[in-house]
Amino acid sequence: MGVEETIGVTQTAPIPKQRGEQLLDHAVRYVEERHWDVFAGAWLEPGDGRELCSCGAEDCVVPGAHAMVKDWAAQATGSAVQVRRLWGRQPEASILLPTGRTFDALDVPDAAGFLALARLERMQRTLGPVALTPDHRMLFFVLPGAGAKVPDLVRKLGWSPATIDLVARGEGEYVAAPPTRFGGRGAVQWARRPTPANRWLPDAEELIDALAYACGREAASERSRRTS
């Protein structure tokens with residue numbers, strides 16, 4: 001499965017196995033085709049009849065899908081040669097993308113994300129790649145700098161940033177890229193795949209109204225469920 005392919009998020013799709021050559025191929029494509037920096041993270045190891053995170057923590061929150069060292073930012077690279085060296089050392093390492101460099105990510109619950117995605121497509125807004133994670137989050141890739149302005153943009157739309165689940169991931173953070181797996185929960189997938197057509201990313205302002213509205217609705221629904 002390459003960068004130019006999409007896993008249908010509305011259909012049951014097989015979870016990609018993390019073969020070394022497959023992960024390496026994806027990592028190289030992200031560097032060469034998208035000019036994204038990448039770095040190698042944790043991986044999954046068999047143990048006690050299940051897959052455990054290489055970090056050794058039995059209660060790891062994102063097994064096989066997080067950084068293994070504190071200075072991960074220094075290890076992130078845009079060199080295909082270096083990528084091949086990194087995955088040559090650990091072929092099953094997860095693929096992690098630092099945010100705040102070539103892109104930021106607007107991180108929302110997947111229910112809100114699907115609603116916003118449908119609205120944005122109907123409005124024919126410019127969209128970048130959109131990833132779907134196994135822990136029910138959706139990541140909208142936007143231009144860097146979103147983290148600094150999203151709270152004010154949300155307030156201007158009449159929402160309180162503290163009451164809606166909309167997080168801008170920027171400098172000093174990272175996201176897991178397809179086909180990285182979160183333990184036995186499944187793999188990160190593309191809800192909207194990277195293509196030549198969406199190489200130019202939107203600014204956060206172009207998406208924030210639909211995302212804030214969808215997150216507001218999701219927050220209201222969650223409050224209603226808790227009180228019913």
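Trainee: Which residue forms a salt bridge with glutamate 121, and how far apart are the closest N and O atoms?

Mentor: In this predicted model, glutamate 121 forms a salt bridge with arginine 192, and the closest N and O atoms of the two are 3.7 Å apart.

Trainee: Does glutamate 121 count as buried or partly exposed, and what about arginine 192?

Mentor: Glutamate 121 counts as partly exposed, with a relative accessibility of 44%, and arginine 192, at 27%, counts as partly exposed too.

Trainee: How many salt bridges does a search of the whole structure find?

Mentor: The search finds 13 salt bridges, and one of them is formed by the side chains of glutamate 51 and arginine 181, with a distance of 2.9 Å from N to O. That pair links distant parts of the chain, with glutamate 51 in strand β3 (residues 50–53) and arginine 181 in the loop between β9 and β10, 130 residues apart.

Trainee: And which of those counts as buried?

Mentor: Arginine 181 counts as buried because its relative accessibility is 14%, and the cut-off for buried is under 20%. Glutamate 51, with a relative accessible area of 34%, is partly exposed.

Trainee: Which residues are linked in a network of salt bridges?

Mentor: The network links Asp107, Arg137, Asp165, Arg169 and Glu173. Within it, aspartate 165 forms a salt bridge with arginine 137, where the closest N and O atoms are 2.7 Å apart. Aspartate 165 lies in the loop between α5 and β8 and arginine 137 in strand β7, so this pair ties together parts that are 28 residues apart in sequence. Arginine 137 counts as buried at 17% relative accessibility, whereas aspartate 165 is partly exposed at 36%.

Trainee: Changing topic, what volume does the largest pocket have?

Mentor: Its volume is about 280 Å³. The largest pocket is lined by 14 residues, of which Arg169, Tyr174, Val175, Ala176 and Phe182 are the closest to its centre.

Trainee: Which strand gives the most to that lining, and what classes of residue are there?

Mentor: Strand β9 gives the most, with three residues, and β7 (137–142) and β9 (174–176) each supply at least two. By class, the lining has seven nonpolar, two polar and five charged residues.

Trainee: Where does β9 stand in its sheet?

Mentor: Three strands form an open sheet in the order β1-β4-β9, with antiparallel pairing. Strands β1 and β9 stand at the edges with a single partner strand each, so one side of each is left without a neighbour in the sheet. Three bridges join β4, residues 95–98, to β9, and leucine 96 stands opposite alanine 176 in β9.

Trainee: Last one, which residues touch the most other members of the largest nonpolar core?

Mentor: Those are Tyr30, Trp87, Ile95, Leu97 and Phe141, out of 34 residues in that core. The elements giving two or more residues to this core are α1, β1, α3, β4, β7 and β9, and the largest share, five residues, comes from α1. There is also a second, separate core of 28 residues, which includes Leu120, Leu127, Val150 and Leu207.

Technical notes. Residues are numbered from 1 along each chain as its sequence is written. This is a predicted model: local features need pLDDT of at least 70, side-chain atom pairs count only at pLDDT 80 or more; totals for chains, interfaces and linings use all residues. Side-chain values use heavy atoms; hydrogens and water are left out. On a 1 Å grid over the protein atoms alone, a cavity is a set of points where a 1.4 Å probe fits but cannot get out, and a pocket is an open set with protein on both sides within 12 Å along at least five of seven lines; lining residues have an atom within 4 Å of a point. Grid points are joined across faces, edges and corners, and a volume is the space filled by probe spheres set on the points. Helices (H or I, at least four residues) and strands (E, at least two) are DSSP runs, numbered from the N terminus. Ala, Val, Leu, Ile, Met, Phe, Trp, Tyr, Cys and Pro count as nonpolar, Asp, Glu, Lys and Arg as charged, and the others, Gly among them, as polar. Two strands pair if DSSP finds at least two bridges between them. A nonpolar core is a set of buried Ala, Val, Leu, Ile, Met, Phe, Trp, Tyr and Cys residues joined through side-chain atoms within 4.5 Å. Buried means under 20% relative accessible area, exposed over 50%, partly exposed in between (1.4 Å probe, protein chains only). A salt bridge is a side-chain nitrogen of Lys or Arg within 4 Å of a carboxyl oxygen of Asp or Glu.
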